[in-house]
Amino acid sequence: MGKRQHQKDKMYITCAEYTNFYGGKKPDIPQTNFRRLPFDHCSLSLQPFSYPVCTPEGVVFDLLNILPWLKKYGTNPSNGEKLDGRSLIKLNFAKNSEEKYHCPVLYTVFTNNTHIVAIRTTGNVYAYEAVEQLNIKAKNFRDLLTDEPFSRQDIITLQVRSLPCALGRGLENLGAAALCQPHSPPRDPTNLDKFNVSNFFHVKNNMKITDPDEEKAKQDPSYYLKNTNAETRETLQELYKEFKGDEVLAATMKAPEKKKVDKLNAAHYSTGKVSASFTSTAMVPETTHEAAAIDEDVLRYQFVKKKGYVRLHTNRGDLNLELHCDMTPKTCENFIKLCKKQYYDGTIFHRSIRNFVIQGGDPTGTGTGRYWCWASLGSFGCPIGPEGVGGWDMLSSRPLGTHLFFFITFRSCAYLDKKHTIFGRVVGGFDTLTAMENVESDPKTDRPKEEIRIDSTTVFVDPYEEADVQIAEERKKTQLAEAAPESTVKKSQSKSGSQGPPTYRQGVGKYINPAATKRAADEEPSTSAAIPVAKKKPSGGFKDFSAW
C-alpha cells in the first residue's frame, strides 16, 4: 500500500515522500504571480536590450537604461540595494547569420528554456552545457574563446532551465509535487527571485526613470494619438498643415525695409507712402516724404557711356564685335558676362542661311535649347532696335526668355528693326564672315554641313566694370562731403565747451545779465527827446505827407 506508479517494484516509500505527501513538510508550490523575463530583455525597461550588462548576481540590464537610473537613484532596480556602476559586467552575446543569440561553442540558439551563463572576467556568454563539459568536468577553467583563466565563482547564471517536469533527472531535495506542475517557474536554488519580474523593486514601487527625449515628445499632442483610425489621421494632417494666412497678413501690416537712398540713386519722385498710408488703414502711417530709390542696374546703366568690344575665335577665323552698351545695356551686359564665363566656348553655329543670318549660342548645338533670345549683330551697321526681353522668335513665334542665342546677319536686314534687339555690329573679320557664309547648309534644316565652331571668346573692353568703379568713387566723395560738416560742428562744440550759458536768476530771463541791462539803460537817451511830436493834420483833406 502506498505504492506509486513511478516507484516500479519498490514496496516502500522514502522519507522525503512521506514528509511531502503524508502530513510532513508541505510541498513547494510555485508562486502563482510568477512572471518570467526573457533572457534578451532589460530588467529595468523590460524591453529588448541593445548594450547588455549584468550585475555580479546575474541581473541583466541595458547600459542605456541603467546609467540614468544609477545617476538618479544609485540602487539596483531589481532589489533596491545600493549598486556601483563599476561593478557592472559587459556581456558579449554571439549572433548567428539569422541575427539570433546563440552559444559560440555549441552553436545552439538561446531560448527562454536555455541555461545561460556568463564568465565574469571576459563577459562572454555560453550555454551551460558547454561550460559544464569543457570547463567544470574537464577542470580546465579557461575561457573557451579567449583562453583567459577564471575560477568557478566567476560563472554567473543569467538564466536557468525551465523545468515543467523534472522527475527521473536525479534532482535532490525538490518536491515531486512542485516539479510536476505544468507551468512551474525556473528553479535556481541560490536565488530564484532575481528572475521574477513581479518581485522587482522598481516594479512593485512603480519607479521609472524619465527619458528627456520622451518628455519632449509628450509635449506634442500627437504623442497620445498614436493608435487612431484613418479618418482621425487625415483630420490631424489637415490641422497640422502649415497655415500661411497669418504670415501674409503680417507681411501686409509690417513696414517694408527701406532702401538706402543717397545722392546717386535718389529719384526725382517720392515713394508715395504718405498718400498711400493716408488712404489705407492697412499701412503704417507715414508723415514725411522720401525720395524713391532707383534700381542699381538702372543707376549703373546711366554711367555706361562707352562701347564694348569682344572677339570671337572660331575655327574659320576671328570676328571682332562692337557692342552698343550705351544703347542696349541689358543685352550687352548679359552677352559680355556669358563671354567672360566661357559659356560660348565650344558651341557651334547650328543654323546658317546664305544672304541672311547665321545663328549660334546654343550649348546643345541643336537649336532646341530651353532658353531663347534673338539678338542681331549687324555686319553692316543695322539701326538699333528697342531693347527688351521676351520678344518673339520670327521663325517659331514663341515667347523667349534668358539671353543665350544670337544672330549675325550677312546682309543689311532693315525689316528686323524694332522686332529684335540689335545690340552690336561686326567691325573686323569680314573675311571670316564670308568664309562662314560660304559653308554649304542642309536645305531642309539650314544646318551647316561643315562645323562652324566658337573655340573661345575674348573681352577687350567692359564698360560695366568702369561704371562700377565710377559709382564707388562718386559714393565715396559723397560720404566724405557729408562727413566734413559734421566734423566742423563737432570741433566748434569742443572749443566752446560742453557747459551751457551762465544763469543769473531763477525763472524767466535767467540768462540775462542784470549789469549789462543797467548799463544799456544808462546809455539810452530820454524818450521825450528821442521821439518827435506829430503835427496836427490839416483839415483840408489828405493831400500829401508834408504836414507830418
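Modeller: Cys 325 is buried, with a relative accessible area of 1%. The model is a predicted one. Cys 332 also counts as buried, at 0% relative accessibility. The cysteine sulfur closest to that of Cys 325 belongs to Cys 332, at 4.3 Å, which is too far for a bond. Seen from Cys 332, the closest cysteine sulfur is that of Cys 325, again at 4.3 Å and too far for a bond. A disulfide requires the two sulfur atoms to lie within 2.5 Å, and by this rule the count comes to zero disulfides.

I turn next to strand E6 and its surroundings. Strand E6 spans residues 116-119, and both of its faces are covered. Ile 116 and Ala 118 are buried on one side, while Val 117 and Ile 119 are buried on the other. In a regular strand, side chains alternate between the two faces of the sheet.

E6 is joined to E7 by three bridges, and the two strands run antiparallel. Within this pairing, Ile 116 stands opposite Ala 127 in E7. The hairpin formed by E6 and E7 has five residues between the strands, and Gly 123 there takes a positive phi near 80°. E6 is also joined to E8, by four bridges and likewise in antiparallel fashion. Here Ala 118 has Ile 156 of E8 as its bridge partner.

Helix H3 (residues 128-136) has Ala 130, Val 131, Asn 135 and Ile 136 as its buried residues. These residues cover an arc of only 155° around the axis, and therefore lie on the same side of H3. They pack against E6, strand E7 (125-127) and strand E8 (155-159).

A further sheet remains to be described. Three strands form an open sheet in the order E2-E1-E3, with antiparallel pairing. Strand E2 (60-62) and strand E3 (89-90) stand at the edges with a single partner strand each, so one side of each has no neighbour in the sheet. Strand E1 (residues 52-54) is joined to E2 by three bridges, and these two run antiparallel. Pro 52 is placed opposite Asp 62 of E2. Helix H2 (residues 63-72) packs on this sheet and touches E1 and E2, with its direction at about 90° to that of E2.

Definitions and conventions: Residues are numbered from 1 along each chain as its sequence is written. This is a predicted model: local features need pLDDT of at least 70, side-chain atom pairs count only at pLDDT 80 or more; totals for chains, interfaces and linings use all residues. Side-chain values use heavy atoms; hydrogens and water are left out. Two strands pair if DSSP finds at least two bridges between them. Contact means heavy atoms within 4.5 Å. Axes are lines fitted to C-alpha atoms, for helices over the stretch in contact, and angles run from 0 to 180 degrees between N-to-C directions. Buried means under 20% relative accessible area, exposed over 50%, partly exposed in between (1.4 Å probe, protein chains only). The arc is that of the directions from the helix axis to the C-beta atoms.
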